[in-house]
Structure formats: structure tokens, C-alpha cells
Amino acid sequence: MRIGVFVCHCGSNIEGTVDTAAVARAALGFPEVALATDAMYTCSEPGQDAIVQAIREKGLSGIVVASCSPRMHENTFRRAVERAGLNRYMFEMANIREHVSWIGKDREANTNKATELVRMAVEKLRRNTPLFSNKFDVTKRVLVIGGGVAGIQAALDCAEGGKEVVLVERESSIGGKMAKLDKTFPTVDCSSCILGPKMVDVAQHPNIKLLACTELKSVGGYVGNFQVELRKKATYVDWTKCTGCGQCMEKCPSKKSEDRFNERIGVTTAINIPFPQAIPKKAVIDPASCRHFLKGKCGVCAKVCPTGAIDYEMKEEVLTEQVGAIIAATGYDVFDISKIGEYGAGRYPDVITSLQYERLLSASGPTGGHIKRPSDGAEPKTIVFVQCVGSRDKSLGRPYCSGFCCMYTAKQAILTRDHIPDSQVFVFYMDIRAPGKLYDEFTRRAMEEYGARYIRGRVAMVYPQGSKYIVRGADTLLGTNVEIEADLVVLAAGAEAAAGAPALAEKLRISYDPYGFFVESHPKLRPVETNTAGVYLAGSCQGPKDIPSSVAQGSAAAAKVLALFSKDKLESDPQISRVDIKRCVGCGKCILTCPYGAIKKIDFRGEPKAEVVATVCQGCGICTSTCPQGAAQLAHFTDDQILAEVNALCRF
Amino acid sequence: MTGAKFLSKEKLLDWLAELGQTRRVFMPVEEGGKIVFRPCTNGDTPALVRDASASPKGVVFPSSAELFRYTKTKARGGKSSMELKPGTEFEPALIFGTRPCGARGFTIFDRVYTGGKFNDPYYRAARENTLIVTLACEGPENTCFCNWVGSGPDDPTGSDVLATPVEGGFVLESVSERGEALLESPLLQPAEARTAEADSVKSRARAELPPARDISAAPQSIRALFDNQKFWDEVSSKCLSCGACTYLCPTCYCFTITDEDHGDSGKRLRSWDNCMSYQFSLEASGHNPRPTKAHRLRNRVGHKFSYYPQLHEGLLACCGCGRCIRSCPVSMDIREIVLDAIDRVQAKNCEVVHE
Amino acid sequence: MSVLTGKELRIVGFLCNWCSYGGADTAGVGRFVQPTDLRIIRVPCSGRIDPLFIVKALLNGADGVLVSGCHPRDCHYSQGNFYARRRLEVLKHFLPVLGIDPARFEYTWVSASEAQRWQKVVSSFTERIHKLGPASRLENTALPDGLEKRFAAIASGELPSDGKAATRLEELKDRIHEFLPDLDIVIGWQRGFDALHNTPLFMRSAEDLEKLVWGPLNIHNTATYLPSLRGKKVGVVVKGCDSRSVVELLQEKLVDRENIVVFGMPCSGIVDLSKIDRALRERGTGIGRVQAAECGEKGVTIKAGGQEYRFAMEEVAADKCFHCEYPNAVLADHLIGNASPSSSNGKISRQLAAFDAMSLQERMAYWRSQMDRCIRCHACRNACPLCVCKDHCIAQSRDPHWISQEDTITEKLMFQVVHAVHTAGRCTECGECERACPMDIPILAMKRQMNRAIRELFEYKAGTDPEAVPPLLAFQAEEKNIHEGVL
């Protein structure tokens with residue numbers, strides 16, 4: 001092997017604390033190194049060209065680049081190496097920036113460490129072999145999980161792109177959080193007027209298969225060929241017959257069912273269509289409150305249903321779908337405000353969340369768009385908004401900013417003054433965060449045009465006094481304590497990861513952060529991709545987002561899927577495990593431990609042996625560390641390659 | 001020829017120390033209940049009451065010997081060259097306290113490595129620079145069968161000096177020219193008075209050995225059974241295919257050669273190999289002509305009692321020390337296999353005659 | 001080129017690509033200052049990290065090894081870190097038996113977003129290794145005087161079995177006779193080349209059956225032969241300990257239940273021939289001179305060199321018999337005779353107690369002195385009923401090249417670690433490895449230590465339940481007895 005070593009200055013990023021020329025000089029003494037040089041920016045066009053040229057002119061057969069993290073530029077350099085005619089796996093990187101130059105200033109130690117990392121890379125490279133991808137078919141169907149605005153956008157864009165979409169929604173209607181909103185900032189246009197048509201498009205699009213009341217059960221397979229199992233919950237109404245006429249709701253005698261769509265601000269019937277614009281507009285029976293299920297007799301809905309759609313015997317179903325890509329758009333949950341005892345939510349009926357308030361504002365909400373106090377139905381005159389409830393609070397484990405609360409609070413302040421012109425509106429805030437197009441102007445309008453009184457400071461406690469509530473807080477600008485007698489307190493509850501998000505992430509084999517939000521591939525450059533090929537993110541499941549960002553991500557994820565589906569065949573990652581049939585004793589330990597079921601038992605001349613199913617193997621290498629005789633070897637991370645690295649470090 | 005000398009027990013360590021001035025002296029010492037050959041150091045006493053667990057062959061033919069080291073060096077301009085350095089030169093040695101069987105083992109080696117067309121310089125250098133002072137046996141162990149292979153408790157074959165234990169010391173007789181010089185030490189006394197005693201020790205030991213079985217038919221019998229897979233399957237049933245027998249055997253001389261690389265340098269090693277191992281005959285293609293332990297045991301027994309004697313004037317490649325029996329984890333008995341083979345063939349011949 | 005003398009120590013890191021390597025990157029991007037000692041090897045998943053890489057590093061010059069992977073439940077490959085956690089925790093418990101301070105090895109979880117946590121992990125681990133200082137090297141250790149005496153002072157305890165050897169030989173023969181026609185082979189024992197040495201017997205006919213013997217000289221584990229006889233109908237006579245190997249082989253599907261017939265014999269202990277040899281040597285003779293031997297209720301009576309010697313079973317019984325939990329077959333198609341009483345007293349073996357009493361330094365020195373006489377015959381491995389790789393063992397393989405042909409003590413010890421790690425959670429402590437060793441190297445100690453770890457961590461005993469899954473081939477999302485994450 002003839003190895004070329006390129007040590008990158010990365011401008012002064014590396015050169016500042018590593019003597020790259022010295023590293024290159026030392027590298028020249030390493031086994032099979034035929035050329036070693038330092039370069040200003042190896043990843044730049046001239047830098048890559050230098051590698052290509054060196055391979056061609058010096059007949060190099062392997063390349064080591066010592067620069068940034070392979071997670072950053074491994075693919076860049078692999079392509080460069082490939083351009084020069086080498087196999088892309090005849091390349092190794094030594095990470096001398098993130099792991100060396102950026103974490104310490106001791107030039108001597110850094111230079112020494114960088115040199116050793118290069119030696120390690122050279123020793124590993126000496127044991128590399130060319131690897132070749134296989135091609136496999138792509139199932140050009142996409143699964144979108146979650147029918148909020150992000151999911152809707154992703155589904156529509158994919159469908160418009162000519163691909164089949166399976167859209168699953170846990171609730172009985174799509175629409176998500178946006179469907180619950182009255183108006184949207186900063187334009188104050190009607191939420192259901194802009195979302196409604198999109199929801200109808202979903203229902204009518206020939207490429208979209210909408211499955212409501214459905215959850216993901218399991219995911220198998222890999223990019224291009226996922227097998228997903230979906231659990232369709234029992235609705236007790238045959239949706240093929242239900243026309244959404246609503247007669248059942250009118251006659252249902254059980255009216256104490258939890259109204260989830262209205263954020264539990266009221267109650268509803270046991271058989272229910274959540275809201276007039278619901279898509280699909282189909283009824284669902286809540287067995288927790290239905291008399292038929294609780295007492296064994298009633299059957300009113302069955303009697304009144306003109307199409308005979310009621311089916312009390314309905315059972316949960318498991319459906320299987322084949323898809324090539326998955327978009328997770330599972331949104332967020334609202335922070336549980338009852339966790340903050342001082343504010344009394346849960347104990348005091350008139351301390352509510354902003355989303356509940358949104359339902360009070362909505363014409364299709366429980367109060368028909370009239371703002372009424374939940375406790376006595378009176379119109380509140382003094383309304384206090386408290387921001388950052390469950391956001392930016394380390395003590396609650398929610399140190400992050402939910403991003404959109406400042407904006408919707410401003411919107412709600414404006415709407416309040418519109419609804420009740422003689423009302424007084426107070427907003428307690430920590431900082432105003434309004435960095436979007438027309439956003440800051442909007443908050444200004446709330447203050448200046450609509451006279452909302454913004455008080456900078458936190459609320460210490462809320463307690464009832466007569467029919468009112470005393471909101472005690474601090475005004476940190478004036479340095480005084482403030483007490484406001486309020487009729488209604490609206491808490492701007494922050495966003496948190498949807499319940500069950502970690503469990504879903506585990507099924508999808510994607511990462512999630514300590515709060516439960518899904519982690520993207522790269523925070524800047526790959527915002528909608530995940531570390532699992534073929535799984536993409538859209539909307540607030542990745543972190544709190546407002547509507548424009550969610551829609552943008554929905555489209556971005558769809559673009560990624562369409563790009564993926566533009567190929568008829570995909571190339572498999574050749575960094576997978578292989579079993580040396582001569583060494584295999586057929587003990588089956590690898591089969592037992594493979595998380596993917598990617599190893600099967602075969603019969604080879606009457607002997608049991610293990611064989612890796614190349615398309616299913618994901619390259620984790622558990623089999624390699626399990627196989628006692630070293631018969632299963634993960635390509636590019638073989639025992640010999642890792643041992644070479646260990647020896648390069650320990651035995652010099 | 002110098003007459004026999006007497007070495008008193010008290011002077012033994014002094015004598016070894018004196019020999020140690022010009023060469024490395026190895027002697028059997030006890031370690032963890034086993035007896036192994038170790039360089040003689042101050043304070044150690046040799047373990048001489050019974051034969052060593054390990055054979056003395058390791059002194060001359062180490063379990064892993066560095067033949068040479070290599071370093072690839074790069075000159076300016078990308079040209080590289082290989083620099084070779086010979087392995088450590090064999091320093092003169094002396095083995096004290098092996099039993100006659102252990103010393104005889106070297107003669108089996110000699111014919112292979114120095115006797116014929118091929119001359120192994122590493123072995124030759126070591127063998128020529130190693131003197132052997134053998135201790136005659138006073139009585140046999142259950143596993144001893146040196147008399148079956150033409151040897152005996154006082155067999156001097158392969159030795160330079162034969163030491164016979166007598167009351168209060170040893171009677172030393174030189175049995176080679178090289179041995180002569182060893183007896184010139186002022187620490188030794190003339191032994192005329194003790195030679196009779198030594199002779200009686202030897203004859204008593206010979207008498208104590210159970211009579212030898214006649215295995216002269218072994219080479220033909222084993223050859224005749226070469227294709228009798230059933231026979232070899234049966235006799236190898238309990239074999240574990242480990243290498244205890246071969247590695248402890250004073251006559252097993254097979255080796256393997258490997259390069260142990262490290263970066264740009266490395267060493268070429270010659271290490272003991274073991275025909276009971278699957279790898280011994282494994283070919284690069286993955287084919288193995290001796291795929292089962294039956295094939296491999298056939299080779300071991302056949303080599304010692306048939307193939308080697310056929311090449312070397314009937315000399316068996318076995319010294320009868322019994323280490324393979326004594327140390328076998330499942331107490332395989334090579335004597336039994338050889339006798340079984342002879343019986344099997346004889347019985348068959350009888351059948352033929354009867355027919 | 002090596003570590004900067006006086007400044008750095010050799011610390012090797014194994015990081016999974018998806019979480020911890022990313023975390024280290026993020027820490028770099030954030031300019032979180034860290035000590036320079038650590039050298040990171042990138043692997044796809046913590047599940048890829050063979051514990052043997054860590055031992056290889058520690059035996060070959062590393063002063064510390066740090067492993068970091070994704071947080072449990074957050075593995076990119078869903079389960080890799082769950083397997084890793086078990087294997088690495090077991091390794092941590094195992095290292096002290098080699099004389100390696102377990103504090104020199106740590107594993108932890110760092111996600112790609114936890115830059116600050118990574119900084120803390122690296123800093124505190126590096127600080128810890130600097131406090132421990134450079135690791136002692138196997139080649140440089142010297143054995144202190146008097147170790148043997150300290151060993152001898154540790155009593156082996158009593159042999160609680162009633163000493164009544166279950167002489168049910170005739171019943172056993174009758175039973176085998178009954179089934180022999182349907183079987184290709186029945187494995188038992190017969191007298192070997194002398195009165196003390198029995199040897200495995202492969203019975204194919206009624207004639208062979210006459211050679212069958214029973215008693216404390218039946219020291220070999222008959223189960224060892226079963227995997228190589230796969231496909232044949234095999235009967236096997238077992239002691240309690242042998243039966244555990246049968247269970248383990250069944251569990252790992254290395255033998256087929258329908259093809260084996262197990263004859264269980266109640267056992268009241270077997271002898272340790274090395275102990276007999278030692279005892280005879282102390283009396284001026286040796287095991288090689290034995291003329292006759294008889295095992296009876298009172299122990300073993302041996303005639304050697306014209307003299308008669310009597311040993312109580314307590315003097316010559318194998319160590320494993322002093323705390324035998326299963327003197328009767330755990331699994332048998334035919335149980336012969338009355339069950340033997342168990343001698344389990346909850347105590348650890350004498351050998352393990354001896355190790356516990358040594359300092360780490362002494363343990364390393366001890367191995368150095370013991371492994372020196374290893375001849376690499378691999379009898380330990382080939383006698384092991386669970387070493388089913390045998391012909392393909394990595395000890396002799398060039399690819400992968402785990403162990404070189406250099407006969408250094410490090411390489412020899414490395415092989416013993418390979419054996420212990422590969423049988424972790426599978427080993428039934430039948431003791432064949434140590435018994436088979438022609439050099440009497442006390443290698444069972446490593447397996448005993450490993451089994452202690454397995455028992456403590458997973459409340460598991462190998463070879464008792466054919467349906468169980470060996471603990472290192474399984475995991476729990478929440479591990480009851482593993483409390484990782486000290487960094």
C-alpha cells in the first residue's frame with residue numbers, strides 16, 4: 001500500500017495549536033506512508049484537488065486526512081478519493097480539530113497527540129479493504145406520523161410529488177394543535193380558515209391514505225424498505241358507513257365525556273366528532289363514558305344512526321404497510337401547568353393555559369367565541385397573562401425557550417381587547433423574543449395599539465380572593481412588587497416533547513435529547529434528517545416551533561423524501577457484517593443478539609452456519625463482539641482494524 | 001578416556017556454578033508442583049527425584065524462537081529498503097538433570113535437522129553448543145516404557161555425560177568427547193571406588209522396568225491400518241485434540257513460522273507446532289486433509305512408530321518417556337494404541353490364514 | 001513517539017460514532033478545554049466493543065481505558081449499549097483477578113449534545129488515572145516472598161458429603177445395557193493406565209460395558225465430547241457437575257436433546273490427582289509409582305513403592321467438591337441411586353479466597369510467575385465443555401489476529417482472558433481447564449472470579465436451566481444490579 005497523509009491547518013483552527021508540518025514529517029516515517037504534507041484547507045476545492053492529483057501522480061492507494069471530525073467531512077473526502085479512482089473506503093480520517101486543537105492550547109501535547117492519531121489512522125488504513133455497495137429497490141411510499149400542520153404539509157407535498165403517502169394520526173381528526181387555535185400571529189388570520197382547506201386536500205388527495213385513530217406499533221426494515229405495523233384503535237363506529245351527520249351526538253345521553261379537543265375546558269358527548277371541520281369527519285365512541293360500555297345498556301346512537309354505522313363489538317386492528325421513508329411529525333405537548341403549585345392551576349378553575357384560552361376565543365369552541373370564565377361563565381374584565389410557564393426554568397427541567405409563547409401571548413392580548421374592549425390586559429414576561437418577520441412589530445402593536453400592559457418580571461403566586469384572583473409578582477424594571485386583581489389568569493404554558501416521544505424514537509431508532517425531542521443529523525446542515533437513513537423529522541417533534549417553521553420543515557422533509565425516491569435503486573452501506581463460513585461453528589449467538597434479525601441460520605453441507613442478510617444488517621457490530629471465534633466481522637470495523645488502532649496506541 | 005568421576009551432593013551446586021561460568025546452565029526446578037527446565041540461578045536447587053514434567057527440548061528448540069528481525073526503512077525520495085537483523089545468537093548452554101529419554105529425544109531431532117540433505121542452521125548452532133549431563137533413572141514410573149523403544153534407564157544416547165545417583169552424590173561418566181572436558185573440574189573426585197555401586201543402581205533400575213513389549217511389528221501394522229478409519233475413530237474417541245502430548249514430547253520437532261508485524265518492523269518466529277491441531281494441516285484454500293482428530297492422531301502415532309522409522313533405519317521417533325501419557329488430560333496411552341494396532345493386524349492376518 | 005513523559009498517561013477511549021463521538025465533537029466545537037491524554041478510537045456502537053479490546057489495551061501499555069456510548073434506550077442500533085453495559089460491567093468485576101485496578105477502566109454514556117458532560121467525563125477520568133499513576137506492567141512485577149505460605153493458611157473447609165460413595169455401578173450398567181442397542185455410543189469411564197488414572201470410556205457394545213467403573217477417580221467431564229458427536233445417538237453418564245455442562249450445551253443448542261440420553265449418577269466428590277501427587281511426594285514417592293489404589297468410605301488408599309498410604313477424601317478431593325451445589329444431575333433421563341447431599345455452604349472457593357487476600361500487585365506478579373510455564377498446548381480450552389470453537393479459536397487465528405506466536409507472558413495471559421471472557425455466563429466451573437493443564441496453572445481462578453461477577457450482577461448460575469439465555473447474550477433495559485455512570 002502507498003499511503004498519502006494530508007494534515008490540514010484548517011486556517012488557524014488547527015495550525016494555531018498543532019504543528020501540522022511536524023505531524024506531516026512524523027507521518028512520513030509511518031509504515032507505507034509514501035507522501036505526507038500539510039495543507040491550508042484540505043476540504044476546499046484546491047485541497048481536494050491536491051489529494052486527487054497526489055493519488056494519480058504518486059500512485060497512492062490509500063489516504064489519511066488529519067483534519068476535522070469524520071462526522072463533518074468523511075463523505076467529502078471519500079468522494080474526492082473516489083474521483084481519483086480509489087475505493088472510497090481506502091480512506092481514514094484523524095480528528096485533530098474537535099478532538100485536539102480545539103480542546104487545549106498546549107502545542108507540544110497537541111502535536112504529539114495529533115501525530116499519534118495519524119499513526120492510528122495509518123495503521124487502520126493498512127488493514128482497510130475496498131468495499132462495494134449493493135443496489136436494492138426502493139418502495140416509493142412514505143409514512144407520515146402525525147397529522148398536525150407539519151405532517152399535513154409533508155403529506156401534501158409528497159403526494160403532489162406523485163408518491164403514495166400513508167398519514168397516521170393518533171386522534172380521530174387531523175389538524176393537530178393548529179386546528180385548536182383561533183387566530184394565528186402575526187397576521188391574525190383565522191387558523192381554521194387557512195388550515196381547513198389543507199385538511200380537506202389531505203382527505204381528497206388520491207395519493208394520501210389517511211388513517212386516523214391509528215398509532216405506530218413497530219418498524220422493521222431499513223431505508224427504502226420499511227415494514228411498519230400500525231395499530232388502528234377501535235372507534236366502535238364503522239367509518240365506511242359514518243357520514244358525519246352528527247345525529248348520534250345530538251341524542252347521546254352521556255354528556256360527561258372529556259372534551260380533549262377543547263382542552264378539557266368543557267365536556268362533550270360519549271359519541272363524538274371533535275369539531276365541525278374534522279377530517280375525517282367521523283364519530284368515535286369513548287368507551288370510558290359511554291353508557292353501553294359502562295352499564296351494558298343504552299344503544300341510543302345505534303338506534304338513531306341513519307346508516308347503521310355503530311358497532312359496539314369493534315376490535316383493535318393491526319395493519320401492515322410497506323414504505324420507503326418515514327417522516328416523524330408528532331408535534332409537542334403543552335406543559336402541565338398544575339406542576340407549578342404556586343399558580344394554583346388545577347385548583348382554581350380560572351387559571352388556564354393559553355391553549356384553553358384559545359378555545360375560549362374560538363367561535364367553534366365551547367363558549368361560541370365569547371370569553372367566559374370557566375368558573376361562573378362571567379366575562380372577565382381583568383386578564384393576566386403569565387409568560388414562560390414551564391419554559392426557561394431549570395428547576396422544572398425545562399431550561400429551553402419554547403419560542404412561540406411571546407408571540408401567541410401578544411396575539412391573545414390583542415384578541416382579548418378586541419373581544420372585550422373595556423378589559424384590562426396585563427402580561428408578565430421575562431424577555432420578549434420576537435425574532436421573526438413582522439413579529440416584533442406585532443408585539444409592539446399589542447402594547448402600543450391595544451394597550452396591553454407588559455410587566456417585566458415573574459409571578460410569585462396566584463391566590464383567590466372572593467371571586468377574583470390576586471396575581472402577585474415582581475416588576476423588575478421598577479424594582480417593586482406588583483399585585484393585580486384578576487378575573488382570569490392565562491398561563492403561557494411552554495412546549496414539551498409529546499408523551500411517548502422517546503418510545504416512538506426507540507421504535508424508529510432515532511435519537512432524542514434529554515427532554516424527549518428528536519435529534520436531527522446536524523443542527524445546521526441536516527435539520528430534517530436523522531441518524532437513521534430514511535427517517536425524517538418535521539415540526540415540533542424536533543423542538544418547539546411556530547407554524548411557519550413547522551410548515552417549512554414539513555416541506556423540507558417532503559423534499560428529502562422526494563429526492564430519495566427519485567432513485568429507482570438505493571446503494572446499501574457496505575459497512576456491514578459478514579460471516580466467514582469456514583470459521584463459523586453455527587452456535588447461533590450472533591442470531592440471538594442481532595437487534596435487527598439480520599442473521600439467519602443456514603445449512604452449509606449439512607452443518608449449521610450463520611449468514612448475514614446484507615440488506616437488513618445495519619452495521620452495529622454486536623455480532624462481531626459476540627462471535628467468540630471471530631467469524632462474524634463487521635466490515636471497516638473488523639477485529640484486526642480495531643486491534644491495529646489499539647496496538648498503534650499501546651505498543652509504541 | 002578420563003575415568004568416571006564422583007560428584008558429591010554438596011558440591012553439585014558448585015559444579016553447576018563452575019559450568020555456568022562458560023555457558024548457560026539449565027536444570028529441572030520445581031514450579032507450582034511441576035518440574036520445568038530453568039536457567040540455573042543462585043539459591044535454586046534442582047528437582048531431581050523424578051523426571052521433569054516439561055522436556056528439555058525447549059533449551060535447544062525453544063517454543064518460540066526469533067529467527068530474525070526486520071525493519072523497513074525509508075530513505076528520502078520514497079525508496080525503501082529492508083534491514084534484517086539476525087535473531088539472538090545461541091549462547092552455549094548445558095542441560096543438567098534430564099533423564100536418558102529426554103537426551104535421546106535430541107537424536108530424533110538430529111536426524112531431521114542436521115542429519116540428511118537439509119541442515120537447519122538454527123538447530124545446528126543450538127545443538128552443537130549445548131552439552132547434556134543426563135541423570136540415570138533409579139526406578140521407573142508407571143508411564144515409562146523406554147525399554148520398548150530400545151532405550152533404558154541408563155541409556156547414554158544423546159548425552160555427553162551420564163550421571164548415576166549413588167549414596168551421597170553422583171558417578172559421572174563421559175559418553176562423548178565433549179563430555180570429557182566436563183569431568184576435568186577440580187570439584188570432582190576420581191570415582192573408581194563408586195563405579196560398582198553405580199552399576200548396581202543401573203542394573204536395579206533396568207530390572208525394575210516391566211519387561212518390554214515387542215513392538216517391532218508397529219511400522220507395518222500402523223501402515224496397514226492407514227485407511228482403517230474405524231480403528232482410528234475408536235482409538236481417538238477420547239482424545240481432546242490438545243497439544244499437551246506434542247509440546248511435552250522430547251521428540252516432537254514440528255514447527256510453524258510466522259511473522260509478527262508491528263508497524264514497519266517485525267520478527268520472524270519459529271514456534272512449536274502441534275499435529276493434533278486442526279490448523280496444523282489446514283490449507284490456504286480452507287481444505288484440510290486431516291479434518292478430524294482421528295486423522296490427526298493417526299498422524300501422530302504413525303509418524304512416531306511407522307513413518308519416521310521407515311525413513312530412519314527403524315529408529316522409532318519415541319523415546320519412551322511417557323510424558324504424553326502422564327500429562328494427557330484424559331490419560332490416553334500411546335502404548336495401548338500401538339499394541340492395539342499390532343493386535344488388530346495380527347488378528348486379521350490370522351483370519352486370512354484361516355480362510 | 002509515545003506519551004509525553006511526565007505529562008501524559010496512556011488513556012485509550014472507545015466511543016460510539018453516533019452519540020459519544022458526536023459529544024466529543026460537540027465539546028470540541030464548543031471549545032470545552034480537556035486534558036490531552038485521551039486517544040479516541042471510533043466504533044459504530046458501544047455494542048461493537050469487545051471487552052477483549054480493553055484487556056488487550058490494558059495488558060499492552062494503556063494506563064486507562066474509557067468507553068462511552070449512547071445513553072441506555074437511546075442507542076442508534078436500539079440495543080447495542082444494553083449488551084455493552086452487561087459485558088463491560090462484567091469486565092470491570094473481572095479485571096481485579098488479573099491484578100488490574102478496575103478504576104483504570106470506566107464506561108459511561110454521553111450523547112451527541114452533551115458537550116459539557118463529555119468535558120467532565122474526560123477530565124475526571126484523566127484525573128483519576130493520574131491519581132493512580134502509570135499502570136504496573138506484567139513483565140515488571142516481582143512476586144513477594146511467602147505467598148505460598150499465605151495460600152496454605154487458607155483452609156479448604158470440610159467436605160460435607162457423607163463420604164459414602166454411591167456405588168450403584170451394577171444398577172447403572174443394567175440401565176445402560178437396556179438402552180445401549182438404541183444408542184451409537186455411551187460415554188462413561190474405565191480404568192486407565194494405572195490404578196489411579198481412570199479414563200473416558202466410549203461404550204459401543206455390551207463387552208465395553210464391562211469396563212465401566214464408578215467412583216471418585218472419574219474426574220473427567222463426559223459432556224465435553226457431546227458437541228463433536230452431534231448427529232449420533234449418544235448416552236452419557238454424568239456427575240452433577242457434568243450434567244450442568246450438558247444443560248449449558250442444550251441451552252446453546254450445541255447438542256440435540258432428542259439425540260442424547262443422560263444417565264445421572266449421584267456424586268460424593270472426585271479426587272484431585274495433583275493433590276495426591278503432592279501428598280505422595282511429601283512422603284518421598286510420587287504418583288508415577290502408584291501400584292494400587294482403592295477408594296472407599298474412608299477415602300483413598302494407595303500403594304506406592306511398596307508402601308501403603310491412606311488419604312481422607314478431605315485431603316485429596318478436588319476443590320470444586322468442597323462447595324458443590326449440584327452433586328446430583330441437574331438434568332437426567334435416568335437417575336441412578338439415592339441423591340447425594342449437597343456440600344454447598346455458601347462459601348467461596350479456597351482459590352478465590354486466596355486471590356481476595358492478595359493485593360492487586362501481588363495478583364499480577366502471581367500470574368506472571370504462573371503463566372511463565374504455560375506451554376500453550378490449549379488443553380485448558382480443549383477440555384472445556386463449552387469451548388466449542390476449538391478448531392477455529394482466535395488463539396491460533398491469523399485473521400483476526402488477537403494473539404501472536406510470541407511466547408510472552410502477556411500473550412499467554414491474554415489467551416486465558418479470552419477463555420474467561422468467552423465463557424463468561426456460560427462456565428459451570430467444572431474445573432476441566434485447570435485439571436487438564438499439564439503445568440498445573442491455576443487458571444480456574446479467572447473463571448471463578450467471572451462467575452462471581454455473573455452471580456452478583458445477574459443472579460445467574462450457568463448450567464441449571466436449559467431454557468435460560470446466558471446473561472451476556474441478553475439484557476434488561478433497567479439492570480437491577482448495575483449502577484453505572486460514576487463519571
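Me: How many aromatic pairs does a search of the whole structure find over all chains?

Reply: This is a predicted model: local features need pLDDT of at least 70, side-chain atom pairs count only at pLDDT 80 or more, and totals for chains, interfaces and linings use all residues; side-chain values use heavy atoms, with hydrogens and water left out. Residues are numbered from 1 along each chain as its sequence is written; chains are lettered from A and ligands numbered from 1 in the order in which they are written. Rings of Phe, Tyr and Trp (its six-membered ring) pair if their centres lie within 6.5 Å; planes under 30 degrees apart count as stacked, over 60 as edge-to-face and the rest as tilted. Over all chains, the search finds 43 aromatic pairs.

Me: Are the rings of A:Phe261 and A:Phe275 stacked or edge-to-face?

Reply: The ring centres of A:Phe261 and A:Phe275 are 4.1 Å apart. Their planes meet at 10°, so the pair is stacked.

Me: How far apart in sequence are the parts that A:Phe261 and A:Phe275 tie together?

Reply: A:Phe261 sits in the loop between strand S13 (257-258) and strand S14 (267-268) of chain A. A:Phe275 sits in the loop between strand S15 (271-272) and strand S16 (284-285) of chain A. Strands are DSSP runs (E, at least two residues), helices likewise (H or I, at least four), numbered from the N terminus. The pair therefore ties together parts whose sequence separation is 14 residues.

Me: Is A:Phe275 buried or exposed?

Reply: Buried means under 20% relative accessible area, exposed over 50%, partly exposed in between (1.4 Å probe, protein chains only). A:Phe261, its ring partner, has 9% and counts as buried. A:Phe275 is at 6%, so this residue too is buried.

Me: How many salt bridges does the structure hold over all chains?

Reply: A salt bridge is a side-chain nitrogen of Lys or Arg within 4 Å of a carboxyl oxygen of Asp or Glu. Over all chains, the structure holds 91 salt bridges.

Me: Which residue of chain C meets A:Asp106 in a salt bridge?

Reply: A:Asp106 lies in the loop between helix H4 (97-101) and helix H5 (107-125) of chain A, and the pair crosses between chains to the segment before S1 of chain C. A:Asp106 is partly exposed at 29%. The N to O distance is 3.1 Å, and the partner is C:Lys7.

Me: Which helix of chain B holds both B:Asp340 and B:Arg344?

Reply: These two side chains form a salt bridge, with the closest N and O atoms 3.9 Å apart. B:Asp340 is partly exposed at 28%, and B:Arg344 is partly exposed at 29%. They are 4 residues apart, about one turn, in helix H12 (residues 334-354).

Me: Are C:Asp242 and C:Lys239 buried or exposed?

Reply: C:Asp242 and C:Lys239 form a salt bridge, the closest N and O atoms being 3.0 Å apart. Both residues are buried.

Me: What area is buried between chain C and chain A?

Reply: Contact, meaning heavy atoms within 4.5 Å, takes 70 residues from chain C and 65 residues from chain A. Buried area is the accessible area (1.4 Å probe) that two parts lose on being put together, summed over both. Carbon and sulfur atoms give 56% of the total, which is about 6,000 Å².

Me: How many residue pairs are in polar contact across the interface of chain C and chain A?

Reply: The interface has 8 salt bridges, including C:Arg10 with A:Glu116 at 2.9 Å. A polar contact is a pair of N or O atoms within 3.5 Å; within protein, one must be able to donate a hydrogen and the other to accept it, and residues adjacent in sequence count only if both atoms are side-chain atoms. With both residues at pLDDT 80 or more, the count is 27 residue pairs.

Me: What area is buried between chain B and chain C?

Reply: This contact takes 49 residues from chain B and 41 residues from chain C. Carbon and sulfur atoms give 49% of the buried area, which is about 3,600 Å².

Me: Which element gives the largest share of the side of chain B that touches chain C?

Reply: Between these chains there are 6 salt bridges, one of them joining B:Glu30 to C:Arg281 at 3.2 Å. Elements giving two or more residues to this side of chain B include strand S2 (24-31) and helix H10 (293-311). The largest share is 4 residues, from S11(B).
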